[in-house]
Amino acid sequence: MQHHSSSGRFPLVAYVVSEELAKASSLLPSNKHRSLLVHSLVSALGVLSLVTLDHQKCFKVLRPRRATQKDLLSYHTRDYLEYALNPSSDYGDQAQISKYGLEDDCPPFRGMHEYIQLVAGATLTAVDAIKESLCDVAICWDGGRHHAQKSHASGFCYVADCVLAILALRRAVPSSVSPRKSRVMYLDLDLHFSDAVSQAFHNPSSTAMSQVLTLSIHHAAPGFFPVSPLSALPNPDDASFDPFTLSLPLREGASSQTFARIWPIVEGIKDIFLPDFIIVQCGVDGLAGDPTATWNWSLGGPGSLGWCIERVIQGWSGRKLLLGGGGYNSPNAARAWAFLTSIAAGKPLPLETQIPDHRAFPLYQPSFTLDVPAGNMQEQNSKEYLQHVEDIYERIQTILQQRLSGEGPP
């Protein structure tokens, strides 16, 4: 692989950002100004200036390209794109805005057409970096829009960049000498189920090996968005079961302790599937302090978000793409993604790091540190429930192993 780990010429981590992208993303109605906050904190902390022991830069900053119509048409329908990308579309036509999901939680907004092209283009810029072996890890915190459907917007998401990324990596040539096709594992850590991504690759009628495996760890409860039969704990005896489309729902109050308990399941699935590429959607709405107030996850310590990402980055083979996602306490989203950026370079910042003085400094009160600690929410994921999850996944791993062995040695 052509990168520098110690003496080569290419950077280890690609970080996708431009002023144009941050400004466009900061117009997103559900997360106004969040993107500017994230990138300004990463910059203020000096993360992108980190160097290796032999004084090589850890990061290569990449300006995103705009996604073309052809890029977007690899998944989205032409009529949705023609409507959403046309700044002169009539947003007063109720039938049209309902058809394309541009209402309620996805209202049309100024600059929406540019946002769609820039966010999809940013994720695809990151994809190209790992596809072409320019780096081991690529980061696009403006991506991770996992609810956008093929023909309409949904759940604060206007463009299906996660699906576009998977499709592009599925076509890539694996780095191994094996003649097998590329395998892509999509791991979603957002509080909300990755409905659009999971549905896009769900194929219960197939008995063949799939190049794509999706695993979403999320909260699911009656009426909790998004409502989908695929968000439930899988039943291997059900006709709709697909061992390559997996869900692991957690109850309220999910803590780092719970994530530490279920993490061997994630590792087990990865060890059986052996992906060439791993996409991690790093939604941070499950962290304590988010307005959704559903989980009690923390940023540091065993089982934390940082702990999970460190295991993927440091311990898993294959090239990785880190995407953003949900997160409605914007200062905490900035803290989390700045910390994960440092983890990606193998140089995690101390959680007690003081927030540097910069324009957004007052927003980080009262602690003015990098950490997002757990709160006092009660853990609802009982030992009995987690044992049930482990028992189900033991069966799923056996089925997955059998399905993959039909392809011959990996």
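What percentage of the 410 residues of the chain count as buried? Keep that in mind as you open the model, which is predicted. The figure is 58%.

**Stop 1: the whole chain.** Show the cartoon. The C-alpha atoms fill a box of roughly 55 × 55 × 50 Å along the principal axes. A compact globule with 410 residues would have a radius of gyration near 22 Å, and the chain has 20 Å, which agrees.

**Stop 2: the largest cavity.** Go inside. A search of the whole structure finds two cavities of 30 Å³ or more. The largest has a volume of about 100 Å³. Select Ser25, Leu28, Asn31, Arg34, Ser35, Val38, His39, Tyr115, Trp141, Asp142, Arg145 and Trp337 to see its lining. Next, colour helix α2, residues 34-44. This helix gives the largest share of that lining, four residues. Colour the lining by class: five residues are nonpolar, four polar and three charged.

**Stop 3: the second largest cavity.** This one has a volume of about 50 Å³. For its lining, select Val284, Leu287, Ala288, Gly289, Asp290, Gly327, Tyr328, Asn329, Asn332 and Ala333. Colour by class again: here five are nonpolar, four polar and one charged.

Notes
Residues numbered from 1 in each chain as written. Predicted model: local features only at pLDDT ≥ 70, side-chain atom pairs only at ≥ 80, totals over all residues. Heavy atoms only, no water. 1 Å grid on protein atoms, 1.4 Å probe; cavity = no way out; pocket = protein on both sides within 12 Å on 5 of 7 lines; lining within 4 Å. Points joined across faces, edges and corners; volume = space filled by probe spheres on them. Helix = DSSP H or I, 4+ residues; strand = E, 2+ residues; numbered from the N terminus. Nonpolar A, V, L, I, M, F, W, Y, C, P; charged D, E, K, R; others polar. Rg over C-alpha atoms; globule rule 2.2 N^0.38 Å. Buried < 20%, exposed > 50% of the residue type's maximum accessible area, 1.4 Å probe, protein only.
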